[in-house]
Amino acid sequence: MSKAKTKKKRAAADEVKSAARMTARPSNGNGNGGGYGKIGVLAIQGDYEAHGKMLERLGVHPVYVRSAGDLEGLRGLILPGGESTTHLKVAREEGLLPGIKRLAKNGGALFGTCAGAIMMAREVHGPKQESLGLMDISVLRNGYGRQLASDVESAPTALRDEPVEMVFIRAPVIESTGKNVKVLAEFEGHPVMVEEGNLMATTFHPELTDDTTIHERFLEKTRKSG
Ligand code: GLN
């Protein structure tokens, strides 16, 4: 592996570790800015602050969603990476699941990254796990084994000509997609970025790169939603 790639990998891993260590809570925005609808980031655990920073770069001051009331009036919501079992448990305890499902059903834009994609899936394996069942995809948790436990790759997407940098951290494998799901990027023979109407998911972490392309795509969806 090239030196540059090793360095990049290390930087990505450090960023994830520092996000996990983070104890100070980022300040809450009003969800607005940038001329988009009101945007939230599920802030239970994991790297939600990295998504928040990405949105701030695009002019949006997100609401960090921790209770059902925080979902009110949202046009878009990001479900971040982290541990999907923890996200699910806390979201259930806080009574967030019905509100998230309602948002998606009413045309709100949802974007799940890694654990967030697992949350959004219709079916979860490895082991079997409850999910929101919003997107017609079936996923296998930690499906790349040790091979992609933590890796920085780059692959083409349907979004633009140049490849997109993809940070994989214990990523799920998207095993199958329904007929209404568009595959926007693949890596090693599996879909890694998918879209279904107002819903979008990546098994990698665009919030841990400098590239705002994928978040811009999500924000455009909030204009069409609700
Ligand atoms: N492996 C985690 C899970 O199964 C997801 C990892 C991530 O979000 N980076 O929940």
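I counted a residue as buried if 20 or more other C-beta atoms, placed from the backbone, lie within 10 Å of its own, as exposed if 12 or fewer do, and as partly exposed in between. The model is a predicted one, in which local features need pLDDT of at least 70 and side-chain atom pairs count only at pLDDT 80 or more, while totals for chains, interfaces and linings use all residues. Residues are numbered from 1 along each chain as its sequence is written.

Entry on the sheet. I followed the open sheet of three strands and read its order as β5-β6-β9, with mixed pairing; strands (E, at least two residues) and helices (H or I, at least four) are DSSP runs, numbered from the N terminus. Two strands pair if DSSP finds at least two bridges between them. I noted β5 (121-125) and β9 (173-177) as the edge strands, since each of them pairs on one side only. On one side of β6 (residues 135-140), I found four bridges to β5, with the two strands running parallel.

Entry on helix α3. In α3 (residues 84-93), I listed Ser84, His87, Leu88 and Ala91 as buried. Looking down the axis of α3, I found that these buried residues fall within an arc of 95°, so they line one face of the helix; the arc is that of the directions from the helix axis to the C-beta atoms. I traced what the buried residues of α3 pack against, and the partners are α4 (97-105) and α5 (115-120), with contact taken as C-beta atoms within 7 Å. Just after α3, I noted that Gly95 takes a positive phi of about 70°.

Entry on the ligand. I collected the residues around the ligand, which are Gly81, Gly82, Glu83, Ser84, Cys114, Ala115, Ile118, Arg141, Asn142, Ile169 and Arg170, where a residue is near a molecule if its C-beta atom lies within 6 Å of it. Ser84, one of this group, was already on my list of buried residues in α3.

Entry on the loops. In the loop between β5 and β6 I located Pro127, and I found the peptide bond from Gly126 to Pro127 to be cis, with omega near -10°. I looked up Asn142 next, in the loop between β6 and β7 (150-157), and its phi is near 50°, a positive value in a residue other than glycine. I recorded Asn142 as partly exposed because 14 other C-beta atoms lie within 10 Å. Arg170 sits in the loop between β8 (160-169) and β9, and its phi, near 45°, is likewise a positive value in a residue other than glycine. I recorded Arg170 as partly exposed because 18 other C-beta atoms lie within 10 Å. Both Asn142 and Arg170 are among the residues around the ligand.

Technical notes
Two residues are in contact if their C-beta atoms, placed from the backbone, lie within 7 Å.
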